[in-house]
Amino acid sequence: MIDTLPAAALDGPGLVAQVRAWMARGGIEARGCVLLMPFAQQLGAARAAWAQAGGWMPEIETTQTLAQRLGPPPGAQEGQISFDVHLDRLAAARILRSQARLQAWGRTDPRAFDDAVAGFVRLSHGLARAAAAIEPSGREAHWRQARALLAAGDGPGLTERQIAAIAVEWAAAAAPPHTDALFALRPAAWIAVRVGGSDPLTDALLRAANVPAVVIDTDAAALRLPSRTPAVALCEGFEDEAQCTAAQVLAHVQRGELPVALVAQDRLLVRRVHALLARQSVAVLDETGWKLSTTRAAAQLMGLLRAVGASSADATLDALKSLTAPWPGLGPVAALTQSLEATCRRQGWRRTSQIDAERLHPGEARLWAALSAALAPLAEPGRRPLRDWCEALQGLLGAAGLADALADDAAGAQVLAALWLSEGRGWPAQAGQTSMTLEQFRQWVDGVLEESSFVPPAPPQPAVVITPLAHATLRPFAALVLPGADERHLGAGVDPLPFISDAQAVALGLPSAASRREREALSFAHAMHAAQVTLLRRHVDGSEPLSASPLVERLSLALQKASRAFEPWADPRPSQAVEPQPVFMPAPSAAALLPDRLSASACEALRACPYRFHALHMLKLREPGELDEEVEKRDYGNWLHAVLQAFHETRAEPGTPADETARLLHLGRTMQDRAGLADEDFLPYGASFEQLAPRYIAWLHERDAQGIAWAEGEQAHEIDLPAPAAVTLHGRIDRADRRRDEGADVLELIDYKTGSESALRQQVRQPLEDTQLAFYAALMRPHTDAGLQAVYLLLDAGHEIRQVPHPEVEASAQALVEGLSDELARIRAGAGLPALGEGRVCDFCEARGLCRKDQWSAR
């Protein structure tokens with residue numbers, strides 16, 4: 001006979017008094033009883049309440065902690081469920097692949113098959129746990145019912161039914177649960193405290209026991225309106241909600257209202273709050289933890305693993321940058337890594353295959369050799385057993401000096417344990433039976449770290465406890481702060497169980513969607529009875545509006561019926577008065593920083609915006625070049641220049657269009673290999689060049705017929721401006737052709753372009769506004785007696801070859817030299833360099849954040 005008593009109170013002393021009264025009525029002594037709490041987090045508060053009341057106390061445990069006290073759980077045999085998600089997924093994949101129908105699915109759609117494996121493990125674990133809540137004598141009948149319910153048949157959903165049926169068999173073959181020992185216990189009485197709904201295992205224990213049993217049901221009391229109304233805060237967005245939450249928690253801490261429960265309903269937001277509290281040196285106990293993949297230890301391990309076989313130099317450098325432990329024989333590698341990266345950027349080595357050890361400094365060469373040797377065992381191609389991959393990874397960590405550093409770190413130790421790399425830990429059988437490629441191994445390691453949680457060590461006396469909503473119940477918190485009280489994070493829909501319907505879940509003893517929603521609602525109701533409660537939510541998430549949680553709305557309606565309302569929330573954040581400090585256009589003067597040599601791009605920057613010239617060419621503030629493998633249009637332009645230069649240098653006389661086109665394409669492939677541009681990355685540009693080549697040869701033959709000949713290409717020239725400017729102008733001209741125009745020799749300067757024709761025509765419409773061709777003409781003028789002409793040559797695969805001439809380029813060159821001389825003389829004399837850029841000049845300017853144009857104030 002089980003007595004069910006509604007809780008008279010929701011505090012520890014009240015529950016102790018109620019249980020003692022029940023024992024007194026039955027003549028039961030406390031020292032022979034067992035009191036079961038739903039969660040281990042509630043045990044400390046319950047034991048403290050009994051100790052404070054004095055006298056004998058019952059054994060206060062949960063079903064799991066009590067079973068652990070009775071003995072270790074039986075070990076899973078090979079092929080049985082181990083409840084280690086990652087280990088069981090390996091076994092599950094083998095089980096499903098053993099079915100001919102599912103094996104074909106794994107080959108045709110591996111991603112969907114992996115999702116099915118994850119769902120299969122989740123369902124199997126749920127079935128095994130549900131069976132553990134059944135008395136051992138009735139378990140065989142339970143499995144017969146499950147087999148009948150999920151028997152595979154014909155028609156739609158055959159695959160799902162087949163997977164569900166296999167899950168039943170796998171769960172039925174699991175080792176007996178260690179909680180079976182509880183059914184043999186005969187305490188003086190069973191006492192169960194029900195919080196947030198009933199627990200199937202606890203109910204089964206009480207039904208099977210031939211001793212007095214009582215359930216103290218706290219849920220009915222929790223559903224009553226709280227005596228103190230919660231406060232509700234509406235925030236602007238994610239960051240505002242995080243700051244308001246942290247401020248509210250700090251206000252409780254500063255008033256000595258400890259401990260404070262911070263409910264982790266929105267895990268991402270609570271992590272941000274945790275970081276804000278850490279800045280204030282608040283002692284925080286995080287009972288939920290966070291993803292192991294986000295820890296520094298996991299980042300270091302994954303960085304090294306991604307560097308194995310990586311073609312990108314950037315990925316390899318990232319692995320070195322993440323290392324915090326000294327490399328054996330080399331010491332700290334931060335300085336060497338920075339030096340190696342600088343060399344790669346300077347040499348333009350984007351791919352690891354381009355790195356030439358002979359051109360590295362000695363320290364860089366030693367680091368590169370050590371890293372290459374450490375990565376080599378993992379880089380061997382082919383499939384290997386998972387155990388072999390793990391052993392190779394263990395060797396990599398040791399060679400990099402990371403193994404000991406991870407073992408000495410709390411998160412690192414959990415990383416090693418999750419991957420079976422801890423010292424002295426054996427390899428499970430599944431690790432030797434599962435083979436995979438390097439990429440599959442990387443994905444497996446990433447999945448393990450992504451789905452594992454890191455729970456940091458608890459501080460001695462935490463002021464704040466981060467806990468799930470269900471675990472916040474029946475604990476003596478002085479205040480409870482619940483951010484994420486919105487429709488998306490609180491009271492939202494729950495994910496259905498895979499491969500079975502909700503009705504089947506109920507028949508199999510698994511929680512239905514409705515029961516899971518009810519449990520969350522009961523936990524929320526319990527939490528509202530804390531001493532002080534603050535609910536926070538944001539009304540917008542990014543660009544999407546966000547409403548209040550349905551549970552909050554339900555509580556609001558209940559309060560309205562009782563003529564009550566939520567308490568107004570007072571923002572505890574202190575305000576600070578800030579005096580306005582307007583920002584105006586800067587005009588720095590730096591005569592001493594004027595360079596001795598200027599290129600065409602530097603002169604263009606000076607003409608477009610003096611401040612840009614000051615930042616980029618006087619202060620030399622440059623963004624470092626990227627090392628990623630993605631081929632950009634600038635890379636294509638550099639490659640095209642090299643291809644055309646090589647073509648014309650080796651062109652003695654015109655050939656047939658077909659032969660010259662073939663030679664041009666061959667040079668393109670040669671230059672592509674020399675530049676280290678991979679085919680897959682260069683594919684769109686290579687296809688574009690294949691269309692351009694015959695058009696370029698046709699245009700060139702037309703030039704040959706007109707008597708125009710290639711004279712030089714990629715030639716560097718320079719001129720000196722007289723004092724007081726005293727600056728040398730220098731540049732490299734793409735190409736110069738010789739021709740006869742009305743009986744006079746003409747040197748035609750050509751600049752290759754792959755951009756917009758309309759933009760170029762607009763640029764030369766006012767010749768004095770075009771800098772580049774006029775600059776090249778000024779450089780060439782002292783070196784030739786021929787007349788000068790200049791054109792932009794558009795090399796666009798989508799159109800025929802087109803020319804955009806610069807009219808009167810010699811006059812423009814003369815004007816440019818005179819204007820530059822005057823302007824540079826003024827700068828040398830101390831003139832200011834204001835930020836006068838407008839339009840597109842500012843849209844793509846690297847120095848925009850320095851001149852702070854977007855923050856200028858009106859005078």
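Helices (H or I, at least four residues) and strands (E, at least two) are DSSP runs, numbered from the N terminus. The model is predicted: local features need pLDDT of at least 70, side-chain atom pairs count only at pLDDT 80 or more, and totals for chains, interfaces and linings use all residues. Residues are numbered from 1 along each chain as its sequence is written, and side-chain values use heavy atoms, with hydrogens and water left out.

D408 lies in the loop between α18 (403-407) and α19 (410-418). Together with D404, D409 and E423, D408 forms a patch of negative charge on the surface. Patch residues have over 30% relative accessible area and no salt bridge, with like charges joined within 9 Å and nonpolar side chains within 5 Å. A salt bridge is a side-chain nitrogen of Lys or Arg within 4 Å of a carboxyl oxygen of Asp or Glu.

V195 is found in the loop between β4 (189-194) and α9 (200-208). Beyond its neighbours within four places in sequence, V195 has contacts (heavy atoms within 4.5 Å) that include P38, Q42, T218 and H526.

Buried means under 20% relative accessible area, exposed over 50%, and partly exposed in between (1.4 Å probe, protein chains only).

| Residue | Relative accessible area and class |
|---|---|
| D408 | 71%, exposed |
| L850 | 43%, partly exposed |
| V195 | 5%, buried |

Definitions and conventions
Areas by Shrake-Rupley, 256 points an atom, 1.4 Å probe, with all protein chains shown as cover. Lys, Arg positive; Asp, Glu negative; His and termini not counted. Charge placed at Lys NZ, Arg CZ, Asp CG, Glu CD.
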